[in-house]
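Hi everyone, thanks for making time this morning. Let me put the structure up, and then I'll walk you through a few spots in it.

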Amino acid sequence: MAVAVLQVPVLECAASWLQRTPAIYCVRLAQTLVDDYCSLVPGSVQTLKQIFSASPRFCCQFLTAVTTLYDLSCDDLIPPNDLLEMVVSWIFDDPRLTLITFLNTPIAANSPIGFLELTPLTGLIRWCVKSPLAYKRRRKVFLTNGQVSSKIIPKDSSAIVDTDCHALYSKLHLSILQVMMILQGHLTEKNLYGRLGVVLFDHIVPLVEEISKLSEELNPLSASSERSEEH
């Protein structure tokens, strides 16, 4: 209701709640909002888009929650097209949106284990680097008993990889680079550049492993050949 009528005080309280609540509950809220505004009623995503101007702080926390939820680990966790378009438009219009929580949190503070990160950057980077493989997996042709059988692709438009979808991820990639430049300037000004991690190494290592696993899944023969050469 607060989203529908743009109740700013409620959205600001929700932003604080998302920052201080275990991630498992945050992603449930994100899932509910996505279901309500991106899936159930066509065109209702326009209502969700409006919170960008009403409460940027809530938008930042929502971005972190939604990129944690949609990690592209399976076909069901590929972000819906409406959600993707909304996220990209927000960040492209204002790259600093992704840094609101980080910039308003004490420098020494670190997110406790099991809570949302201070920025959605890790999740957004995951979207960019995994999306080509994840969409390919959704459309790939399976080999069954030596015969080629095509995986049934849902009729829903979100399952169709078209040029618009690729363009959105390219636009997102550009926006992330802009965020990195803004972040570099901020950290340099605070004399923290090179001393404070925002996208942590421990969060990138699993991403590399995910990409490697997905690559092997899509091209098992090549992966087997590489392993044989190593031995």
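Let's begin with T21, which is buried, at a relative accessible area of 9%; buried means under 20% relative accessible area, exposed over 50%, and partly exposed in between, using a 1.4 Å probe and protein chains only. Before I go on, this is a predicted model, where local features need pLDDT of at least 70 and side-chain atom pairs count only at pLDDT 80 or more, while totals for chains, interfaces and linings use all residues. Residues are numbered from 1 along each chain as its sequence is written, and side-chain values use heavy atoms, with hydrogens and water left out.

So where does T21 sit? You'll find T21 in the loop between α1 (8-20) and α2 (23-40); helices here are DSSP runs of H or I with at least four residues, numbered from the N terminus. The T21 side chain reaches the backbone oxygen of W17 at 2.5 Å. Leaving aside residues up to four places away in sequence, T21 touches C26 and F115, where touching means heavy atoms within 4.5 Å.

Now over to A4, in the segment before α1. A4 is partly exposed, with a relative accessible area of 39%. With residues up to four places away in sequence again not counted, A4 touches Y37 and T47.

Last stop, F62. Its contacts, not counting residues up to four places away in sequence, include L18, L33, L83 and W90. Thanks, everyone!

Terms used: Helices (H or I, at least four residues) and strands (E, at least two) are DSSP runs, numbered from the N terminus. A polar contact is a pair of N or O atoms within 3.5 Å; within protein, one must be able to donate a hydrogen and the other to accept it, and residues adjacent in sequence count only if both atoms are side-chain atoms.
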